[in-house]
Amino acid sequence: MCAKTFKGGIHPHDYKHFSNHKAIEIFPTPEKLYIPLVQHIGRPAVPIVKVGDEVKKGQKIAEAGGFVSIPMHSPVSGKVTKIGPYPHPTGTIQHAIEIENDGKYDWISELQDDENYYSLSSDKMKERIQEAGICGMGGAGFPTHVKLSPPENRPIDTVILNGVECEPYLTSDHRLMLEHPEEIIEGLRIIMKVLGAKRGYIGIELNKKDVIIIFKQMLRDHKNINVVSCQLRYPQGAEKQLIFAATKRKVPAGGLPMDVGVVVQNVGTAFAIYEALRYHKPLIERITTISGAIVNEPKNLKVPIGTPLSQLLEFCGGTSEDIAKIISGGPMMGFALPDLEAPATKTTSGFVFMGEKEVVDTTEATCLRCGRCVDACPMNLLPSFIADKVKNGQYEEAMKLGILDCIECGSCGYVCPSHIQLVQWIKIGKIEANKLKRQDK
Amino acid sequence: MNLVNVSSSPHLHEQVNVRRVMWTVVIALLPALIAAYLFFGWRSILITILGVVAAVGTEALVQFLTKRPITISDGSAVVTGMLLAFNLPPLTPWWIPVVGSIFAITIGKQIFGGLGYNPVNPALLGRAFLMASWPIQMTTGWATKLANAGVATVSGLKQTLITGGNAQLQNLITSATPLNLAQQIRGDIVAGTAGDSARTIFHQLSSLDYIKELFWGNIGGCIGEVSAAALILGAAILVYKHYIEWRIPIGYIGTVAFLSWMVGGIDGLFSGPILFHIFSGGLILGAFFMATDMVTSPVTKNGRLIFGIGCGLLTVVIRTWGGYPEGVSYSILIMNIATPLIDKLTPQKTFGYRKKSNK
């Protein structure tokens, strides 16, 4: 079977050699944790503890703020010392619960082992996923129980697990798939059962051949689940591009995967779902990659949610030269952070550190109209034209050019010879375009 | 801790900028310049250097006088000067490339605001200006393989051809542009004044042996368009680097191939010598290096294809029925002007686009 892919895209160097051979290490839990109330898309979680309260490991400390929201749990036992604004890995300031670790790691109730989890009803399964506070762990962080509750007129026949990990540097999904393939397959089976889907796919890029081989072997007995080996091309891991590669279905512009009968989940999410179903374990830790040419010992770490970045970097031996850029997430779509204070959240797939030489010059030159951004755009948009409209404040024109269909993958900015900050302009334009859209309604 | 950089994603960038693109184009043009030296001698290099120096000097002067940053190091003026010189006969007077470059840079480029804002290809505008002002200097001065050895005028050549014998044939053909010759013969055939020798010459022009000469460049012609092989080598660099894309050159050459097969022969429809039309004249130079000029060609994918096809159509029309033997530069200029319109009329369909249906 030849490798699948999509039209457009780019071929950046993947820089995965820094950390793809490093087994997952468990990060020793820090003294203080900062659990943001926003780690997902939707309403913020609402704290149910007060300053001074004693909490146990796994105890719910914030309740979902609505249906499209998730609860938060404490990754350690200890004391709530503060609830207030704190730096967030999206580069913003968000409310967070500060917990002082007492070093005892007392669970709220011992973990159970429910071997019959697969015979639970689909509603019961969804309930457990919702209680565990699981959201999409690939980056966007959409609450998983919402994604698993499509309206009745949108039957789902296919579930795709996203193990593409096309962002350069990041290897957390790679290591998780390599070290926990069985659990991931179980997670996929659970999702398929909840949705009543008949087909399952696991999409993996060809730079992870070891994982492809393992999954192919393990899936021999599962006739309805297939591995999709994807060509090396960024953004292969973008939802719509992966769906196209696996099923040849095109998600309608402005639509959702469920419009073509598909739900996509990240492999890390599948792992968390398995743990929630079998052990009633809430989502309190995740795998994250700390990498970059200047990091002394790049690592894949299992970190408690809320661990400050400064401590993660220290655990990786610091940097060999001055840090010039800190990126939360991958370098193509991640956020640049001003300092090391922000904590890891449920969606933190990695932190990348860059030295002075690696930082991209952001001085814009005149557009040459070369059209390289057009060739690179996986959504077949005209990025330079859209950016032009935004610069001139013509947001309605930008909407006609499909600004809201942009997935912000950064391919256009990557290839632009004039170093125009296309994604930045488009992000600004999207805010204005969304305002216009709401006015129309 | 030191302050760190905060900017919008992406935080990686391909090793590319305007300067690198332009200087790569210069490098890609060098094989053709070397070929010109081999076939026409040192004068072709002198003409090219004059064109480049005049272009760069003009750009610096205009930017200095208008108090704008001087950007001559980005290489775009070098490309303009080179392309202009490449469109001149090798034995043209020394001041022709100088005047042409000055016009190309001031009127063709800087008057609109410089790189990125010019509506048409500056080098081609410069050539059109020279062609209109000094037609004699622009259409004579063809060199043979031995530099400076024989300078033939079109009318003299035609005369010799119709009356002369086959012995002189090879020598004569190499001393003017072959397209010129082909057009003369076709014209004579249509007018009914051509002898049998003219038909023989036309068929020899389209023979495989002669196509080989055309391909390698052992013919008369402008400095830069002489060797198709050298130009294709240079173009391959640009394609490999993704600095030019297939739609314009393939659309252009494909259209010329089809239409000249259809109407470019002397034995009725669909008898035209395809390879002769592709490799003679400025088509290869135009299709890979001038029609693909980033600033003046469409951005949309379908637009680029339409642009290439339009260039091809106009080129064949001018070559077949026009007053000039060659139509590449005028075709590209005309399509340059149509570029904003083409971009507007060819919006792209977003991935997953569907017509609005009732839900």
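**View 1. A:Val46 and its bridge partner in a predicted model.** In strand S5 of chain A, the bridge partner of A:Val46 is A:Glu63. The model shown is predicted. Two bridges join S3(A) to S5(A), which covers residues 60-63. These two strands run antiparallel.

**View 2. The open sheet around S5(A).** Three strands of chain A form an open sheet, in the order S3-S5-S6. Their pairing is antiparallel. Strand S3 (46-47) and strand S6 (72-73) of chain A are the edge strands. Each edge strand pairs on one side only. Strands of a sheet pair through backbone hydrogen bonds, either parallel or antiparallel.

**View 3. S2(A) beside S8(A).** Strand S2 of chain A spans residues 32-36. Strand S8 of chain A spans residues 93-101. Five bridges join S2(A) to S8(A), and the two run antiparallel. Which residue in S8(A) is the bridge partner of A:Pro36? That partner is A:Ala96.

View 4. Strand S7 of chain A covers residues 78-87. Nine bridges join S7(A) to S8(A). Here too the strands run antiparallel. A:Gly78 stands opposite A:Asn101 in S8(A). Five residues lie between the two strands of the hairpin. In this hairpin, A:Gly91 takes a positive phi near 85°. In a regular strand the side chains alternate between the two faces of the sheet.

**View 5. Two packed helices in chain B.** Helix H9 of chain B holds residues 178-191, and helix H10 of chain B holds residues 196-205. The helices pack at an angle of about 140°. Their axes lie 10 Å apart. That angle makes H9(B) oblique to H10(B). H9(B) passes H10(B) in a left-handed crossing.

**View 6. Residues where H9(B) meets H10(B).** From H9(B) come B:Pro178, B:Leu181, B:Ala182, B:Ile185, B:Asp188 and B:Ile189. They meet B:Ala198, B:Ile201, B:Phe202 and B:Leu205 in H10(B).

**View 7. Chain A as the setting for the strand views.** Chain A has 13 helices and 17 strands. Its radius of gyration is 21 Å, close to the 22 Å that the globule rule gives for 441 residues, so chain A is as compact as a globular protein of that length. The C-alpha atoms of chain A fill a box of roughly 65 × 50 × 50 Å, taken along the principal axes. Buried residues make up 57% of the 441 residues in chain A. Among contacts in chain A with a separation of 6 or more, 73% join residues 24 or more positions apart.

Terms used: Residues are numbered from 1 along each chain as its sequence is written. Chains are lettered from A and ligands numbered from 1 in the order in which they are written. This is a predicted model: local features need pLDDT of at least 70, side-chain atom pairs count only at pLDDT 80 or more; totals for chains, interfaces and linings use all residues. Helices (H or I, at least four residues) and strands (E, at least two) are DSSP runs, numbered from the N terminus. The radius of gyration is taken over C-alpha atoms; the globule rule is 2.2 Å times the number of residues to the power 0.38. A residue is buried if 20 or more other C-beta atoms lie within 10 Å of its own, exposed if 12 or fewer, and partly exposed in between; C-beta atoms are placed from the backbone. Two residues are in contact if their C-beta atoms, placed from the backbone, lie within 7 Å. Two strands pair if DSSP finds at least two bridges between them. Axes are lines fitted to C-alpha atoms, for helices over the stretch in contact, and angles run from 0 to 180 degrees between N-to-C directions. Angles under 35 degrees count as roughly parallel, over 145 as roughly antiparallel, 65 to 115 as roughly perpendicular and the rest as oblique. A crossing is left-handed if the near helix is turned anticlockwise from the far one by less than a right angle, and right-handed if clockwise.
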